[in-house]
Amino acid sequence: MSNKTLVAYFSCTGDTAAIAKQLARAADADLFAIKPLVPYTDADLDWRDKNSRTSVEMRNLTRPEIADRVENMDEYDVVFVGFPIWWYIAPTIINGFLASYDFSGKTVVPFATSGGSDMGKAEAVLKPLCSPQTKWLPGRLVGAEETTDDLRAWIKELGL
């Protein structure tokens, strides 16, 4: 890839982190973990509990504060943004991540992991958080069985 690339990802269980690291290798990209300022506990992640932290965040579309920033975001031309699918959309921390930077002139590519659903409405919710001058490429649900070569082929298909 001739563009300077970043793979930014949010992961609680490690599944999305594993894919993000593999994608960063395939794209010769830098890696950034999107982490909440207050880490999630197992109880926070209990989607069956309507009052768990994540259930409330997703229901109210509240964005948890993010622990760190990408200090040199202006240096990147392409940003892959990875996340698990929660309630058929991205976790609200991703909304906060996208809303906190100016992606004008950059290419943003979402990727997701899931235990059984597709990307749902994730892209429809996320794309408007970027400026109209952002080039948004179609996202992809990435499974644990995919290899680095599979991810390189996807990057090539994207024209990156």
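In helix α5, which spans residues 148-158, the residues T148, L151, W154, I155 and L158 are buried. Together they cover an arc of only 115° around the axis, which puts them on the same side of α5. An α-helix has 3.6 residues a turn, so residues three or four places apart point the same way. The other side of α5 carries D149, K156 and E157, which are exposed. These descriptions refer to a predicted model.

The cover over the buried residues of α5 includes helix α1 as well as the strands β3 (78-84), β4 (107-113) and β6 (140-141). After α5 comes G159, a residue with a positive phi near 85°.

## The nonpolar cores

The largest nonpolar core consists of 30 residues, and those with the most contacts inside it are M73, F83, I94, F97, L98 and F103. At least two residues of this core are supplied by each of β1 (5-9), β3, α3 (92-99), β4 and α4 (122-126). Helix α3 gives the most to this core, contributing four residues.

Apart from this core lies another one, made up of 20 residues, including A24, A26, A27 and F111.

The surroundings of I94 illustrate the packing in the core of 30 residues, where I94 is among the residues with the most contacts. When neighbours within four places in sequence are left aside, I94 is in contact with F10, I34, V81, G82, F83 and L126.

## A glycine in helix α3

Which residues does G96 touch, leaving aside its neighbours within four places in sequence? The contacts of G96 are then with R63 and I66. G96 is placed in helix α3 and has a relative accessible area of 13%, so it counts as buried, the cut-off being under 20%.

G96 can also be related to E65. The two residues are 31 residues apart in sequence, and their C-alpha atoms are 7.7 Å apart in space.

## The largest pocket

The largest pocket has a volume of about 650 Å³. Its lining is formed by 24 residues, of which P84, I85, W86, S114 and G115 lie nearest the centre of the pocket.

By residue type, the lining of the largest pocket divides into 12 nonpolar residues, 11 polar residues and one charged residue. Helix α1 (residues 15-27) provides the largest share of this lining, with four residues.

D28 lies in the loop between α1 and β2 (30-33). Is D28 buried or exposed? With a relative accessibility of 70%, D28 counts as exposed, because exposed means over 50%.

The loop between β3 and α3 is the place of Y88. The relative accessible area of Y88 is 53%, and Y88 is therefore exposed.

Key
Residues are numbered from 1 along each chain as its sequence is written. This is a predicted model: local features need pLDDT of at least 70, side-chain atom pairs count only at pLDDT 80 or more; totals for chains, interfaces and linings use all residues. Side-chain values use heavy atoms; hydrogens and water are left out. On a 1 Å grid over the protein atoms alone, a cavity is a set of points where a 1.4 Å probe fits but cannot get out, and a pocket is an open set with protein on both sides within 12 Å along at least five of seven lines; lining residues have an atom within 4 Å of a point. Grid points are joined across faces, edges and corners, and a volume is the space filled by probe spheres set on the points. Ala, Val, Leu, Ile, Met, Phe, Trp, Tyr, Cys and Pro count as nonpolar, Asp, Glu, Lys and Arg as charged, and the others, Gly among them, as polar. Buried means under 20% relative accessible area, exposed over 50%, partly exposed in between (1.4 Å probe, protein chains only). The arc is that of the directions from the helix axis to the C-beta atoms. Contact means heavy atoms within 4.5 Å. A nonpolar core is a set of buried Ala, Val, Leu, Ile, Met, Phe, Trp, Tyr and Cys residues joined through side-chain atoms within 4.5 Å.
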